[in-house]
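Thanks for making the time this morning. I would like to walk through one model with you, so please bring the sequence and the structure up on your screens.

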Amino acid sequence: MNAAATASDPLADALLAARLFLISPKTLGGMQLRGGGPMRDALLNAIRDAGTRLRRLPAHVDDERLLGGVDIAASLASGRAVHQRGILSEAAEAGATLLLPMAERMRDALAGRLVQAFETDASAAPHGWILLDDGIEAEERPPRTMLERTAFHCDLSQSEWRDSVELPKAAKSTTPADVAAPDAASLTALANTAAALGVDGLRPLIFVQEVARANAALEGRKTIAERDLTVAVRLVLAPRATQFPQTEDESAEPPEQSNDPAPDNDTQENTDPGDRALEDILVEAAEAAIPADLLAQLSSDKAKRAAQSSGTGQKRKSALRGKPLGTRPGLPRGGARLALIDSLRAAVPWQPLRRRELGREIDEAGANEQIIMRREDLRVKRFEERAGRVTIFCVDASGSAAAARLAEAKGAVELMLAQVYVTRSEVALIAFRGEGAELLLPPTRSLTRARRALSELPGGGGTPLANGLTMARDLADMIAARGRTPSLVVLTDGRGNIAADGSPGRKQAGADADAAAKAILHSGYEALVIDIAARPGPHAPDLAASMGARFLALPMADAKMLHAAVAAATASANKAAA
């Protein structure tokens with residue numbers, strides 16, 4: 001990066017982004033304001049002072065209140081269907097912008113409703129949205145569908161205190177529609193800059209163009225200048241960067257000399273380095289605006305990790321408990337709960353027709369009329385719950401290193417148990433040594449019980465790897481049959497020397513272990529093989545391949561490293577299940 005490039009001020013960029021967003025709210029979609037605090041509140045007040053109405057959208061809003069629907073109370077009072085307006089139509093009529101608090105916890109269903117409403121009829125939608133993101137961890141983010149349609153991603157967590165916060169003044173005589181679109185050279189430079197930053201998709205490029213036009217209109221110009229492009233790149237592409245811009249290798253071999261005659265003037269004009277110079281300027285502007293913590297996340301490959309809850313099991317539908325998912329037509333039997341309000345809402349629109357079918361007169365007041373319910377009106381509640389996760393540690397306790405391996409497993413088990421009350425997870429421990437395997441610790445959340453079971457464990461003898469894997473699969477089958485989600489963590493060097501029938505011999509032991517590993521693969525359980533041998537060899541990776549498991553070589557593993565590896569594998573398993 002050029003030494004002349006200086007890091008941008010997060011609050012100044014957010015103020016400029018807010019002004020550009022207010023100039024063209026529906027084209028730019030919205031803003032994401034990450035990091036709570038007084039500066040974010042001051043920014044929102046500045047937006048209000050600029051004349052923008054903000055309509056707060058409750059996180060628990062249902063579809064009827066969001067999109068409009070039947071007003072149950074008014075309908076029951078009048079005897080006819082009375083429709084109510086939704087928040088989206090009210091905000092659109094008032095020319096307001098939606099304010100979405102706790103956006104990092106927004107349900108995917110609500111995000112889908114909002115996106116559909118904005119893209120179906122933009123003229124009848126509110127003037128964009130502002131996502132208030134209070135996430136702390138890197139993976140805590142609003143739904144991707146919202147972020148993709150939000151032009152500005154502003155992080156105010158590192159902004160400095162200011163006594164006064166005001167939006168930049170806007171020129172009244174010029175609008176983005178009056179500004180000419182970028183020329184072909186500028187578009188090429190923008191596309192190359194996006195590619196250098198690893199920004200995929202066409203929507204960011206559309207945002208960049210519109211931001212450049214809005215910035216030109218902000219300054220009262222009708223043509224796009226270089227500074228408009230740099231502002232657009234800094235505000236739109238830099239926060240979306242997923243890689244470092246690649247610099248040219250100065251040690252690369254120079255191109256071979258050509259014996260062709262020198263190009264004429266027209267060819268020289270076509271290869272003018274001016275476009276490249278513009279691209280360099282845009283990349284430099286983006287580098288100066290990329291947050292340092294984002295680059296740290298990219299270097300550790302955390303930026304692409306989806307938001308997942310470490311230690312939780314797979315999602316499943318339930319009729320009794322869990323996170324509400326709305327309702328569906330059905331009868332309240334088999335434990336299903338009747339959704340009374342939704343059932344009435346389904347029946348109310350049909351009351352006039354049903355009364356005419358029964359030959360009843362329709363009373364204008366309708367207050368004493370009974371609601372005519374039918375089977376198809378009934379709605380039952382739906383829930384989604386996460387199955388409890390059980391992590392099964394299958395530890396090679398053979399040989400002289402058994403004590404150290406079991407001590408590491410014990411530490412990892414204790415670290416995981418410290419989180420069970422948050423993640424609803426359990427742990428189990430299987431040790432294989434001598435001629436067979438033994439379940440040392442059944443699935444439990446009790447730290448006291450785990451410590452008691454792990455306090456005195458003998459080790460040594462042969463390596464019955466096949467028996468250990470078979471017992472782990474059997475335990476996983478039992479756990480899955482009880483409605484929980486098992487995952488396997490196998491700590492071994494992969495070199496078995498005791499066959500499944502207890503007879504010695506590496507050849508037969510290897511064949512039996514491979515068969516047991518493929519049985520786990522066919523069962524579909526998530527698994528992780530950790531090679532803790534002093535000198536990792538090919539046996540453990542081959543075992544992981546037969547098992548369809550992830551593989552990790554940790555010859556110097558301790559309890560914290562094992563716990564981190566298991567947590568990473570669990571998060572990846574949750575992502576795949578989702």
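Before the first helix, a word on terms: helices (H or I, at least four residues) and strands (E, at least two) are DSSP runs, numbered from the N terminus, and the expected span of a helix is 1.5 Å times one less than its number of residues. This is a predicted model, in which local features need pLDDT of at least 70 and side-chain atom pairs count only at pLDDT 80 or more, while totals for chains, interfaces and linings use all residues. Residues are numbered from 1 along each chain as its sequence is written, and side-chain values use heavy atoms, with hydrogens and water left out.

Helix α1, residues 10–23, has 14 residues and reaches 20 Å from its first C-alpha to its last, close to the 20 Å expected.

Turning to the chain as a whole, its secondary structure comes to 23 helices and 16 strands, and buried residues make up 44% of its 578 residues. If we take contacts (heavy atoms within 4.5 Å) with a separation of 6 or more, 77% of them are accounted for by residues 24 or more positions apart.

F383 is buried, with a relative accessible area of 8%, and its C-alpha is separated by 7.5 Å from that of G326, which is 57 residues apart from F383 along the chain.

Methods. Buried means under 20% relative accessible area, exposed over 50%, partly exposed in between (1.4 Å probe, protein chains only).
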